[in-house]
Structures are given as C-alpha cells and as structure tokens.
Amino acid sequence: MTDFAPELPQRTLAERVFDSLRERSSPGRFAGSLVCFFVGLVYVIPLLWVVTEGVKASSDIFSTSPFPHSFRISNFADAWRQFQLGTLFAHTIVITIATVVLSIAFSVTAAYGFSRYRSKLSEGVFVLILTGLMVPPAAIIIPFFLTMRHLGLYNNLFAVILGETAFALPLGILLLRGYIDNIPTELTDAAVVDGASEWKAFRYVVFPLLRPAVATVALFTIISTWNGFLLPLVLLRDTATSTLTVGISQTAGQVGQLSLQFVAAAAVMAVVPVLVILIAARRYYVQGLSAGALKH
Amino acid sequence: MSSSGRAITRRAGALFIAPAAVFFAVFMLLPVIAVIALAFTEWTGFSLGQIAWRGVGNFRTLASDDVFSKALVHTVLFVALSTVLLNVFGLGLALLIHSRVRGHDFLRIAMFLPLAVSPAITALIWQQILGPYGFVNLSLGRSGLGVIHKPIGFLGQPNLAFATLIGVAIWQYSGYNMLLYYAGLQSLPAERLEAAAIDGAGWLNRLRYVVVPYLRPVIAVVVVLNLIGGWKVFELVYVLTGGGPNRSTEVLSTYLFQQAFEFSRVGYASSFALVIIALATVSALARSRISGTVT
C-alpha cells in the first residue's frame with residue numbers, strides 16, 4: 001500500500017522492521033531482559049524449592065539439585081496426617097467463608113448508606129471507620145483477647161471470625177462506596193416511585209449491579225483471612241483447634257530439620273488454594289488495588 | 001455524582017449504616033480505647049479486681065527497658081527501610097515491565113505470586129532456605145568456589161538477621177508496589193517520554209523530570225500504604241526469627257506478644273500498643289505532606 005505513495009517521507013516496512021530489530025537487540029534492552037529473568041528467578045525459586053522439597057525422600061532432602069532424585073507424592077499424605085491438615089483446613093475454610101459473608105453483608109449495606117445519605121455525622125462515621133485501615137492487629141489484640149475470654153469465646157472459631165471481620169470492614173466499605181458512587185441514583189428513584197421500599201430498591205436494583213465490586217472485596221478478604229496469623233495464634237489455644245498458618249508454623253518448629261519434606265508438603269497444600277483463587281481472579285485484584293489506592 | 005440525585009431518607013441511611021458502625025465500634029473502636037486505658041495500669045489479665053492504676057509508670061519502665069528501645073529502633077528501621085526499598089524496587093521494576101522488554105511478563109507474574117502466600121508461610125520457607133543446611137548455604141558450599149568454609153548465618157548472626165528480615169519483606173510485598181506503579185504508568189502519555197528523549201534526556205533525567213512528577217500522587221499513596229503496612233509487621237518476624245538472635249530482630253509487636261501472652265504483663269504490654277498506634281497515626285498523617293495537598 002505504501003508503494004502508491006513513494007513521495008511521502010515515510011519509512012518503508014523494511015526500515016521499520018530493521019529499526020525494531022535493532023531496538024530489540026539494543027544493549028539496554030538486552031540488559032533489561034537479563035534483569036527481568038534473574039530478578040524473576042528470585043521470586044520464583046523459593047516457591048519452586050518448596051514444591052520440589054515436598055516430593056523428596058528423606059534421604060534426599062539436603063540435595064540442591066533443582067530436579068529431585070526421588071519423587072514421593074506420598075509425602076503429601078504423610079504431611080496431611082502429621083500436621084493434622086484435615087482439621088486445620090476445616091477451621092481455615094469455616095473462618096474464611098464466615099468472615100467473607102459477614103464482612104460483605106456489613107460493608108455493602110454501610111457503603112450504600114454512606115453513598116446515598118450524606119450528613120456531617122455520616123461523613124464523620126465514614127472517616128472514623130477508615131481509620132481502622134491503619135490499626136495494626138497487634139495493637140488491639142490484648143483487649144480483644146480479654147473480651148473474647150470474658151464472653152466465653154476463647155478457643156472458639158467465632159472469636160477469630162469476629163476479629164477478621166472487624167479488620168476487613170474498612171477496606172470493604174471504602175471499595176464498595178467508591179463503586180456505588182458511580183451508580184446513577186435514577187435507577188433506584190424509579191423503583192421507589194413505583195412503590196418499592198428503600199430496602200427493596202437496594203436489594204433488587206443496586207445489589208445485583210455490585211457483583212464485580214463484591215467479588216473484589218471477597219477476594220481481598222479471602223486472602224487476608226486465609227493467611228491471617230495473629231488472631232488465630234492468640235484466640236485459639238493449640239494446634240488441634242488452630243488454622244493452617246498457625247498450625248503448620250508451630251508444628252514445623254517441633255518436627256525439626258529431618259522432616260523438612262513434610263513441612264514443605266504442608267506449606268504447598270496451605271498455599272495452593274489461595275494461589276489458584278488469586279491467579280483466577282487477578283483482574284479483580286488489580287482493579288481493587290488501584291481503586292482502593294486512588295480513592296484512599 | 002450521586003449527590004445530584006435523590007438521597008435516601010435519614011432513617012433509611014441510619015438503618016443501612018448502623019450494623020457496620022455498631023460492629024466497628026464494638027470490635028475495633030472499643031479495643032483501641034481499652035488498650036489506651038490498660039496502658040496506664042498494672043495487671044496480669046486474670047481477675048478484674050486486680051487491675052491497679054499505675055499512671056505513667058509503665059512509660060517510665062519502658063524508657064529504661066533495653067529490649068523495648070531495641071524493639072522500637074528495629075520497628076522504625078524496618079518501616080523506613082522496607083518503605084524506601086519497596087518503592088525503589090517497585091517503581092524500578094514497574095518501569096522495566098512497562099518498557100516491554102523480553103521477559104517482562106515473566107517478571108510481572110513472578111512478582112505477583114508472593115502476594116498469595118501468607119507471611120507466616122513465607123517466613124517458614126525462607127527460614128528453611130537460608131538455614132545453615134538450607135538450599136542457599138548448601139549451594140554455596142558445593143559451588144566449588146572454596147571461599148565459604150562455614151555456612152553463612154543469614155538468620156543466626158545478629159547484624160545479618162535484620163538485613164535478611166528486610167529482604168524477605170521485600171520478596172513478600174514488592175509485587176503490590178509494582179502493580180500499583182504499573183497501573184499508574186498505564187496512563188502516562190507516551191509522547192511526554194518521547195519528547196523528553198528527543199530533547200536528549202537520558203533515562204535518569206526522564207525518570208526525574210517526567211515519570212516521578214507525573215506519578216507524584218501515586219507515590220504519595222503507595223508510600224503511606226507501605227508505612228501503614230509496615231507497622232503491622234508481626235508474623236514475618238515471629239516465624240522467621242522469633243525476634244532473635246539476641247533480640248536483633250525484635251519488633252514492638254513481637255515484644256508485645258511476649259510480654260502480654262507469655263509473661264502476663266498485660267498493662268505493660270498495652271503501653272507498647274499505645275506507642276504502635278501513635279507511630280501509625282503519625283505516618284498516616286504524613287500523606288498530605290508528601291503529596292503537597294491537604295485532603
């Protein structure tokens with residue numbers, strides 16, 4: 001096509017290909033590729049290491065070969081028993097699901113209220129709740145523990161659920177309110193004029209539109225709750241009643257170096273569910289990160 | 001946008017907000033108030049009748065507590081160093097990925113993966129890798145270099161252990177910063193960089209006069225997020241080193257945990273919580289300073 005306009009000072013295809021090749025192979029870009037590769041390895045090697053370590057025979061655990069000489073998938077079954085992973089998984093799953101449900105129920109309604117009803121008081125409450133984002137769990141763990149023991153909830157999963165929900169609320173409200181602010185009020189106006197209550201207008205008109213934002217909040221809550229540590233460490237008494245993160249790290253401290261392959265296998269099993277969820281939902285994660293940071 | 005439309009009634013607004021507000025008040029606000037009050041008492045945490053008012057006594061004690069001052073210095077150093085390094089690496093690697101050199105996708109995915117890993121598991125994995133008979137020391141020993149006769153005490157030598165802790169924190173969290181900066185770079189007009197390049201600006205000048213000024217609001221937010229996140233450090237230290245060796249990695253949260261739940265000094269440990277809350281509040285207020293705007 002460019003043959004028909006030879007007089008234009010346009011670069012030919014050949015010239016452009018040559019330029020882009022030179023660009024690709026320029027020393028700067030080659031160095032950049034090397035950095036990508038080696039820095040990337042630093043991030044990936046620990047995760048690959050834990051997988052290969054998890055399938056090694058105990059005679060092989062001090063070998064540094066990237067390819068294990070032995071391949072024992074039975075390590076995973078042994079680790080499952082040794083670390084009581086059935087119990088730990090059950091507790092972690094219950095805590096995570098309950099926290100997600102509870103924190104979304106609280107934060108989606110509050111976010112709607114903050115978005116649609118504005119007064120000095122409601123704005124003040126909103127800002128107050130946002131300050132919860134910066135409270136380190138360790139700072140309030142003492143009164144939290146004392147209260148839960150007083151209520152008879154010590155060593156009860158419900159105590160962890162209440163705590164994780166309190167820490168998940170501020171981010172949920174922040175993200176959901178930002179999302180609801182962009183939904184035109186005319187949608188609910190029509191429903192209310194037609195005789196729907198405010199609750200029904202919210203439940204059947206607004207809530208279904210919030211699905212992407214709810215998915216984002218659920219993702220963040222799943223990651224932080226599944227990976228939570230201090231609350232279960234303090235609020236649950238021992239490994240038999242604990243969660244994956246606490247149970248595995250405590251047991252790992254007791255079994256010692258010779259059972260390294262079981263520690264590794266248990267760690268792999270604890271990480272895989274969240275890793276799969278995060279990779280599958282990475283779009284929501286990145287959206288939520290930027291939305292949360294920009295609105296902050 | 002919504003303020004131009006019809007607002008819901010005061011009663012409906014209150015009903016929508018109340019459940020979350022009450023929950024937040026009971027499980028976040030009250031504990032904060034309680035821990036501030038407890039900081040002025042002496043108590044083992046068992047019988048309510050044994051609470052004794054100590055006034056500022058706890059703060060006098062911690063002023064002369066060597067372990068507390070170590071933990072305070074380590075915490076501030078951890079927050080400062082991790083924030084600086086996370087931003088240098090996060091922005092630098094985001095720029096590299098943004099330049100779309102070959103391999104940029106590999107780096108982006110690799111940095112993303114640790115975000116799914118619990119800090120407790122991260123600490124556990126690195127503890128095994130960096131131990132005296134861990135992957136790194138065994139590899140160095142077998143590399144045939146012959147210079148290393150003794151395993152390196154990444155976690156066993158006091159000065160090295162703190163550097164290792166910072167390194168592990170960078171591994172865990174740099175993906176956040178990369179993602180945020182990468183998202184910020186998407187909207188940077190390519191013409192600006194090209195114009196600067198045509199004017200003869202080297203990459204350092206392009207970074208200094210084009211990229212950083214453009215990203216200034218993003219940098220302000222990311223720095224504050226890192227500061228806030230930094231004060232929350234607990235399990236990374238607790239599992240990786242337990243605060244050792246010889247308290248060289250002790251931070252306020254791990255010392256608080258020890259005092260409160262191992263030594264039953266609830267009042268004294270609460271005074272650390274007050275210090276942590278004060279530090280976190282000050283750094284959150286720093287945002288308007290960095291971005292140059294009052295929000």
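The largest nonpolar core of this predicted model has 172 residues, and those with the most contacts inside it are I142(A), L176(A), A266(A), A267(A), A273(B) and I276(B). Helix 7 (residues 157–181) of chain A supplies the largest share of this core, with 16 residues. Leaving aside residues up to four places away in sequence, I142(A) touches V35(B), L38(B), A260(B), V266(B), A269(B), S270(B) and A273(B). A273(B), one of these partners, is also among the residues with the most contacts inside the core.

The contact between the two chains takes 78 residues from chain A and 82 residues from chain B. On the side of chain A that touches chain B, helix 2 (residues 27–54) of chain A gives the most, with 14 residues. That side of chain A comprises 51 nonpolar, 19 polar and eight charged residues. For the model as a whole, the ipTM is 0.88 and the pTM is 0.88.

The secondary structure of chain A consists of 14 helices and zero strands. Of its 296 residues, 45% count as buried. Among the contacts in chain A with a separation of 6 or more, 75% are accounted for by residues 24 or more positions apart. The average pLDDT of chain A is 84, and 85% of the residues score at least 70. The pLDDT is below 50 over residues 1–6 of chain A, a stretch that has three contacts in the model beyond near neighbours in sequence.

Chain B contains 13 helices and two strands. Its C-alpha trace spans about 75 × 75 × 30 Å along its principal axes. Of the 295 residues of chain B, 45% count as buried. Residues 24 or more positions apart make up 70% of the contacts in chain B with a separation of 6 or more. The pLDDT of chain B averages 85, with 93% of the residues scoring at least 70. Within chain B, confidence is highest in helix 10 (residues 235–240), at a mean of 94, and lowest in helix 13 (residues 287–291), at 56. Over residues 1–5 of chain B the pLDDT stays under 50, and the model has eleven contacts for this stretch beyond four places in sequence.

In helix 4 (residues 104–112) of chain B, the residues H104(B), L107(B), R108(B), A110(B) and M111(B) are buried. These residues lie on the same side of helix 4 of chain B, because they cover an arc of only 165 degrees around the axis. An α-helix has 3.6 residues a turn, so residues three or four places apart point the same way. The buried residues of helix 4 of chain B pack against helix 3 (66–98) and helix 7 (158–186) of chain B, together with helix 2 of chain A. Helix 2 of chain A is also the element that gives the most to the side of chain A that touches chain B.

In helix 9 (residues 198–206) of chain A, the buried residues are E198(A), A201(A) and F202(A). Viewed down the axis of helix 9 of chain A, the buried residues fall within an arc of 95 degrees and therefore line one face of the helix. The exposed residues W199(A) and Y204(A) are carried on the face of helix 9 of chain A turned away from its buried side. The cover over the buried residues of this helix includes helix 4 (85–116) and helix 8 (186–193) of chain A, together with helix 1 (10–38) of chain B.

Several loop residues were also considered individually. Most residues other than glycine have a negative phi. Q84(A), a residue other than glycine, has a positive phi near 50 degrees. Q84(A) is placed in the loop between helix 3 (74–82) and helix 4 of chain A, and it is partly exposed, with 17 other C-beta atoms within 10 Å. In chain B, R247(B) has a positive phi near 65 degrees. R247(B) lies in the loop between helix 10 and helix 11 (252–262) of chain B; R247(B) counts as partly exposed because 17 other C-beta atoms lie within 10 Å.

Y133(B) is found in the loop between helix 5 (119–130) and helix 6 (135–142) of chain B. With 13 C-beta neighbours inside 10 Å, Y133(B) counts as partly exposed. Y133(B) and T41(B) are 92 residues apart in sequence, and their C-alpha atoms are 46 Å apart in space.

Terms used. Residues are numbered from 1 along each chain as its sequence is written. Chains are lettered from A and ligands numbered from 1 in the order in which they are written. This is a predicted model: local features need pLDDT of at least 70, side-chain atom pairs count only at pLDDT 80 or more; totals for chains, interfaces and linings use all residues. Two residues are in contact if their C-beta atoms, placed from the backbone, lie within 7 Å. Helices (H or I, at least four residues) and strands (E, at least two) are DSSP runs, numbered from the N terminus. Ala, Val, Leu, Ile, Met, Phe, Trp, Tyr, Cys and Pro count as nonpolar, Asp, Glu, Lys and Arg as charged, and the others, Gly among them, as polar. A residue is buried if 20 or more other C-beta atoms lie within 10 Å of its own, exposed if 12 or fewer, and partly exposed in between; C-beta atoms are placed from the backbone. pLDDT is the predictor's confidence in each residue, from 0 to 100. A nonpolar core is a set of buried Ala, Val, Leu, Ile, Met, Phe, Trp, Tyr and Cys residues joined through C-beta atoms within 7 Å. The arc is that of the directions from the helix axis to the C-beta atoms.
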